[in-house]
Amino acid sequence: MNPDYIIAKEFLARLPDHLKVKLCKTTLAGVEEKKLSKKEKIRQAIAYIKTK
């Protein structure tokens, strides 16, 4: 396992809940929520299954 991941996981585990929430909100603020239609989800699932 990546040592940076382990350090980050331990750091987050020690933070109080309100700081975890604040950190997550600021980190995810720039991420756009992508809504897919039911047809698009089915197309992606079929494409994924075909690659397996």
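Trainee: What makes the nonpolar surface patch here, and how do you know that it counts as one?

Mentor: Met 1, Tyr 5 and Ile 6 make it, and it covers about 380 Å². Patch residues need over 30% relative accessible area and no salt bridge, and nonpolar side chains are joined within 5 Å. A salt bridge means a side-chain nitrogen of Lys or Arg within 4 Å of a carboxyl oxygen of Asp or Glu. Areas come from the Shrake-Rupley method with a 1.4 Å probe. Keep in mind that this is a predicted model, where local features need pLDDT of at least 70 and side-chain atom pairs count only at pLDDT 80 or more, while totals for chains, interfaces and linings use all residues. Residues are numbered from 1 along each chain, and side-chain values use heavy atoms, leaving out hydrogens and water.

Trainee: Why is Ile 6 called partly exposed?

Mentor: Buried is under 20% relative accessible area, exposed is over 50%, and partly exposed is in between. Ile 6 has 39%, so partly exposed it is.

Trainee: And why is Lys 39 called exposed?

Mentor: Because its relative accessible area is 61%. Lys 39 belongs to helix α3 (residues 38–51).

Trainee: How do you know that α1 lies largely in the open?

Mentor: Of its twelve residues, the number buried is zero, so that's the conclusion. Helices are DSSP runs (H or I, at least four residues), numbered from the N terminus. Ile 6 sits in this one, residues 3–14.

Trainee: What makes the span of α1 agree with expectation?

Mentor: The expected span is 1.5 Å times one less than the number of residues. For α1 that should be 16 Å, and its end C-alpha atoms are 17 Å apart, which agrees.

Terms used:
Patch = residues over 30% accessible without salt bridge, like charges linked within 9 Å, V, L, I, M, F, W, Y side chains within 5 Å. Helix = DSSP H or I, 4+ residues; strand = E, 2+ residues; numbered from the N terminus. Buried < 20%, exposed > 50% of the residue type's maximum accessible area, 1.4 Å probe, protein only.
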